[in-house]
Amino acid sequence: MTDSPASGGSGPQATGTRSLAVGGDVGVAITGDGAQVVMLPAEAVRWAKEVDSPPGAGNLPGSASGVFVGRQDELAELRRLLADEGEAAVTQVSGTRAIHGLGGIGKSTLALHYAHVHRRAYTLVWWINAASTEQIVTSLASLATRLCPQWAATTGMQERAAWAILWLQWHPGWLLVFDNVEDPGDLRHYLGTLPDGHHLATSRTATGWHAIAPTMPLGLLDADAAVTLLCTLALGQEHAPTPGQRQDAAALAAELGYLPLALEQAGAYLDESGTALAAYRVMLGQVMDTAAGGIDPERTIARIWRHSLTAIERRNPQAVTLLNAMAWLAPDDIPRTLLAPLCPEARTLGEALGALYAYNMIAYSADRQNISVHRLVQTVLRHRPATDSDGYPPGRQDAEHLIQQATPDEGTDTPRWEQLLPHVIAVAESTLPHAPASTEMVDVYRAAAHYLYRQGRDAHAIRLCRAVLAQCEQVLGDTHPQTLTSRNNLAGAYESAGDLARAIPLYEVNLAHCEQVLGDTHPDTLTSRNNLAYAYESAGDLARAIPLYEVNLAHCEQVLGDTHPQTLSGRNNLAYTYESAGDLARAIPLYETTLARSEQVLGDTHPQTLTSRNNLAYAYESARDLARAIPLYETTLAQREQVLSDTHPQTLTSRNNLAHAYESAGDVARAIPLYETTLAQREQVLGDTHPQTLTSRNNLAYAYESAGDLARAILLYETTLTQCEQVLGDIHPHTLSGRNNLAYAYESAGDLARAIPLYETTLAQREQVLGDTHPDTLTSRNNLTHARRAIQAVQQGSRATPSTVVDPRQPSTTD
């Protein structure tokens, strides 16, 4: 559109599809494609010049009183971009901005809030529905109705739109908000015709703006802002959330992917229905299309994304096929190569992904070789009705076929497995309740679980093992040998994750089935009995662990022979349990026998021999024979680094135990670096709250304390105790040790008011769990007595050394 009448008396001109030209003095408007000539009467032109807008005039679709959090930086950036640094006339480049992002991310909300905050800085603020050219014309026509009703009431849509454009040309300083622009090209002629104000556009489309206007991509809310928004909407501004409610809100906000509209929709539903935050998470997939509490039914997350999918399908049907398959994979780092079978030609794959990217349904990695999908997009897509004749939701079978085709062969290089694993686990986790995994997918899950087992990462295989067991129970029956093996593997994965409450019942059921089906001395029955005993031992239940180990060792010697690897394992495990019960006189000879036979039968560096050597070293250390313990630990660590790798869980155990032996020998300078390395590696490999990570954190804290650094020690002890109570339970031996050690650190810092209650609690629990004469119980009693004397200022002196958690060794178990 031209900015002024053409010279030479030729009247207004227009170029470009659907552009409008209006004359300053001539009552004519012409559409650029020649389809429409709009005649404006001279009186209407005069009113366009003379009519002023009332102060603060506008048509904003909502008030500024709603909850608005977490976008202050974006508001400031918008203002900076739209303002022209003090000039009265804003140029097109500096006066135009487009906000783009995923549907529901808050583009319109941000634009609306900006318009409210700054509306007094503009002569007029006008909101335009820009989903199509027709809707833009309709919104402009409504401006004429607002400002010049005496004329607009008697004329047509095109004439009113032409009058509005003429008015905007005569009256600078306005803000036009083009909401939900489908095609950026629709704005080109308006920006050229109307330079004397600010244009702000919102769009789900990320592409096509480079020749139209600079863009500002809008990201998700940060976690704190999302939780605040959700709590405010669900509970009311006058109610401060409890810690439990805020924790539930944080979990729900993460599940909603910090998407503002989803948070608003959830908050309105929770407020209206009184549903608990945690309950909403459970039914998330079913409520994404539910409007409540003033939410426009057409503005629910599910409806908005359905509109996007319709537009995408019109542009590229194959793009929707890709997105449906990606809904069942992990949300991040989906390799292009994984998707290639659905679009065998590189060009068609690129075009399909490009259509999804244009609508912000996916994001690319920096090298554009991996794709990410918003988690909530996946949730909505997964809960759409089944379309296949066999009852599968859209994309589910495509995702399974992609995984099957990409599964590496046995022994394939680690990078390929690591790239695929998150997607295998995601497919396993989303297995439909009414349709257990297919035989082909179970084979994939087993291969992936075996890879994790070889990596020493059993705890990461829980979802894979769960899917395998479900399929075995349904197809093969509850007592089939493959079902027994699958149940044992799932229990072992839970145990590796420190979830003994789930592991022990599975082990108990498995042992009962093995004894019933296979007999009391079958090798698989011996394995089941050993594994159950180990789980009891890990839970601190030595009274049930020792008899099982003794029975199992007798059966192994009878059935398998004195030097069979499983017999060696049984002897090692019984020795460890005696040691845990404080009976070193019986433990050390068993360890020595086991190590000698392991070296003879298995070799000097076999993993089971290394376990025996580590455990004998620990027994020597427990007997205060550090001269024999430390060389054994050093040898074991060097061999495990060579044979198993630097970060294998058993290597980490050796490093931890050698650090503890150095510390016991008074060499804190060598102990602390080893502890710090072990903790960092366990956090990376096992996770922040894995039992062995908790052990490392506790032991590093104790080493800091021994070195006189109480500030760092107390902080680590406090963190460890909280996590032990959460993960292991209130009376687990490691929790009791953590509580005792924190109390001792408080006492060392002179804070007896906090130390004594912890000592009292620990003593009572140890008496209950371990018995009145257990060494750890005696330590607790001694520490409490000393603290009470100290607070009475009767005695000043040394205290008993607090107990320190040291790793349980890794007794060998087999399927």
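A nonpolar core is a set of buried Ala, Val, Leu, Ile, Met, Phe, Trp, Tyr and Cys residues joined through side-chain atoms within 4.5 Å. Buried means under 20% relative accessible area, exposed means over 50%, and partly exposed is in between (1.4 Å probe, protein chains only). The model here is a predicted one: local features need pLDDT of at least 70, side-chain atom pairs count only at pLDDT 80 or more, and totals for chains, interfaces and linings use all residues. Residues are numbered from 1 along each chain as its sequence is written, and side-chain values use heavy atoms, with hydrogens and water left out.

**The whole chain**

- Of the chain's 815 residues, 53% count as buried.
- You'll find 36 helices and eleven strands in the chain; helices (H or I, at least four residues) and strands (E, at least two) are DSSP runs, numbered from the N terminus.
- The chain's accessible surface comes to about 33,900 Å², and 51% of that belongs to carbon and sulfur atoms. Such areas come from the Shrake-Rupley method with a 1.4 Å probe, and for residues only the protein chains shown count as cover.
- Take the contacts (heavy atoms within 4.5 Å) between residues at least 6 apart in sequence: 62% of them join residues at least 24 apart.

- In soluble globular proteins, nonpolar side chains tend to be buried together.
- The largest nonpolar core here has 135 residues, and Leu322, Met326, Leu339 and Tyr445 touch the most other members. Helix α20 (residues 439-454) gives the most to this core, with eight residues.
- So who does Tyr445 meet, leaving aside its neighbours within four places in sequence? Tyr445 is in contact with Arg396, Val424, Val427, Ala428, Thr431, Ala437, Leu464, Ala467 and Val468.
- Apart from this core lies another one, of 41 residues, including Val45, Ala162, Trp174 and Ile212.

- Is strand β6 (residues 174-179) enclosed or open? Six of its six residues are buried, so β6 is largely enclosed by the rest of the structure.
- Trp174, Leu176 and Phe178 point one way from β6, while Leu175, Val177 and Asp179 point the other way, and all are buried.
- Two strands pair if DSSP finds at least two bridges between them. Strand β5 (residues 125-129) pairs with β6 in the parallel sense over five bridges, and Val125 stands opposite Leu175 in β6.
- β6 also pairs with strand β7 (residues 197-203), again parallel and over five bridges; Leu176 has His199 in β7 as its bridge partner.
- To get from β6 to β7 the chain crosses through helix α7 (residues 188-193), and this β-α-β crossover is right-handed. Right-handed means that, with the strands pointing away from the viewer, the path from the first strand over the helix to the second runs clockwise.

**A three-stranded sheet**

- β9, β11 and β10, in that order, form an open sheet with antiparallel pairing.
- β9 (334-335) and β10 (362-364) stand at the edges, each with a single partner strand, so one side of each is left without a neighbour in the sheet.
- β10 and strand β11 (residues 370-373) pair in the antiparallel sense over three bridges, and Tyr364 has Ile371 in β11 as its bridge partner.

**Salt bridges**

- A salt bridge is a side-chain nitrogen of Lys or Arg within 4 Å of a carboxyl oxygen of Asp or Glu. The structure holds 33 salt bridges.
- Arg347 and Glu345 form one through their side chains (3.9 Å, N to O). Arg347 is exposed, at 53% relative accessible area, while Glu345 is partly exposed at 47%.
- Asp443 and Arg446 form another, with the closest N and O atoms 3.9 Å apart. Being three residues apart in helix α20, Asp443 and Arg446 are separated by about one helical turn.
- The side chains of Asp625 and Arg628 also meet in a salt bridge (2.8 Å, N to O). Both count as partly exposed: Asp625 at 23% relative accessibility and Arg628 at 44%.
- Glu557, Asp562, Arg571 and Arg597 are linked in a network of salt bridges.

**Thr594, a buried residue**

- Thr594 lies in helix α27 (residues 584-601) and is buried, with a relative accessible area of 1%.
- Leaving aside its neighbours within four places in sequence, Thr594 is in contact with Leu568, Arg571, Asn572 and Ser612.
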